[in-house]
Amino acid sequence: MSSISTRVHGLDTLRALAVTLVVLHHYVLFVSDAPTFGWVGEVGWVGVDLFFALSGYLIGNQIFASLKSPGGFSLKHFYARRLLRTLPNYWVVLALYFLWPAFRGDAPLLPLWEYATFIQNFALEPGSAFSHSWSLAIEEQFYMLLPAVALLGILFGGSLRLAWTGIALAFIAGMLIRAELWEEMAGQNYKLYFYFKYIYYSSLCRYDELLAGVALALLRNHHAGVWAHLTRHGNLMGVLGLLSCGVAFWFFLDDRYGFGITVFGFPLMALGFSLLIVASVSEHSLLRGLRVPGAGALALWSYAIYLLHKPVCVMAAKWMKGQGYGAEHPLTITALLVLSVLSGWLLYKLVETPCMLLRERYVPSNAARPDMLSPAPR
């Protein structure tokens with residue numbers, strides 16, 4: 001794992017923002033059932049989409065950079081590194097759901113094999129236990145698919161033109177699928193139920209930001225001139241990204257389940273988050289140089305916080321209510337948000353950190369021939 005000193009502060013700021021948005025949204029959705037944090041809490045679900053864009057860029061960059069490097073790319077090493085990164089925390093939390101009834105409350109669990117194979121998001125019933133793992137399922141599917149597709153493209157002589165055509169067609173396919181599904185559910189009595197089950201949680205409907213991140217990685221590794229031009233104007237990219245996100249958020253807040261925003265809102269949000277990522281890695285940009293106190297730590301612990309915050313907050317809120325403090329009391333809000341961070345930190349220290357140390361020892365890179373890599377600069 002990279003040390004904090006080598007981390008990109010702009011990307012850490014975006015990670016910290018993503019997990020904060022999700023925690024606030026889930027507090028509103030599962031704890032207070034009130035506009036506790038105003039419009040931020042209402043639209044906080046977009047933090048998941050920001051995570052998707054960051055994952056697409058970072059994982060795509062790893063793959064494309066390895067394919068170009070003297071050491072080459074090892075699919076086996078890539079999968080081993082990703083699984084050591086994601087599975088230990090996930091399995092610990094999954095065990096808590098299955099072995100500790102209070103952890104899941106009254107929500108029904110899916111069969112264990114669905115969680116184990118990361119297909120729980122397929123036609124996921126709203127209100128299921130560990131429902132927020134739908135996004136982890138999509139990311140794991142992405143981790144498994146992208147490197148294999150990249151290698152197949154090389155094997156069959158795929159060109160950059162073919163890669164960009166595939167990305168463009170995938171965006172169009174996603175919009176068409178959402179449009180078709182929306183039309184099918186429009187006349188249903190339980191419209192929101194069908195929206196979440198077949199659109200919001202669906203892999204085929206929710207890959208826009210992942211794809212946008214991959215497109216950024218492709219630009220960085222295969223179109224150096226275009227990438228240099230974009231990153232020379234990092235502050236402009238940041239402003240345009242904020243404008244794109246602002247427009248998308250406004251439409252989602254106005255009519256989240258409408259036809260137009262369902263079809264076009266996710267690509268617009270993908271554009272906005274992509275531009276913010278460009279700004280976050282651009283030399284001399286305000287976002288890259290921004291030092292937000294605590295953002296680096298939140299970024300490091302974000303995966304663990306994401307896994308634990310929802311059940312921890314729900315259980316703690318019941319206890320606080322028994323002490324006479326409602327969900328919107330400042331003491332309850334403060335206590336639950338702090339508890340979300342502390343529980344995530346504990347999972348990070350006890351489970352994630354030892355596994356990452358094992359990864360660095362036994363699978364230090366994605367390279368097929370690690371001996372061909374140049375020593376890292378000191």
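**Notes on the helical model**

1. Let's begin with helix α9, residues 191-200, where Y195, F196, K197, I199 and Y200 are buried. Buried here means under 20% relative accessible area, exposed means over 50%, and partly exposed lies in between, with a 1.4 Å probe and protein chains only. The cover over the buried residues of α9 includes α7 (134-155), α8 (160-185) and α13 (259-281). A contact is a pair of heavy atoms within 4.5 Å.

2. A word on the basis of these values: this is a predicted model, in which local features need pLDDT of at least 70 and side-chain atom pairs count only at pLDDT 80 or more, while totals for chains, interfaces and linings use all residues. Residues are numbered from 1 along each chain as its sequence is written, and side-chain values use heavy atoms, with hydrogens and water left out.

3. On the overall fold, the protein has 16 helices and zero strands. The radius of gyration is 21 Å, close to the 21 Å that the globule rule gives for 378 residues, so the protein is as compact as a globular protein of that length. That radius is taken over C-alpha atoms, and the rule is 2.2 Å times the number of residues to the power 0.38. Helices (H or I, at least four residues) and strands (E, at least two) are DSSP runs, numbered from the N terminus. Along the principal axes, the C-alpha atoms fill a box of roughly 60 × 50 × 45 Å.

4. Of the contacts with a separation of 6 or more, 76% are between residues 24 or more positions apart.

5. S244 lies in helix α12 (residues 234-255) and counts as buried at 12% relative accessibility. Leaving aside residues up to four places away in sequence, S244 touches L268, L271, G272 and L275. A173, in helix α8, is partly exposed, with a relative accessible area of 29%. The C-alpha atoms of A173 and N221 are separated by 25 Å, and the two residues are 48 apart along the chain.

6. How many disulfides does the rule give? The count is zero, where a disulfide is a pair of cysteine sulfur atoms within 2.5 Å.
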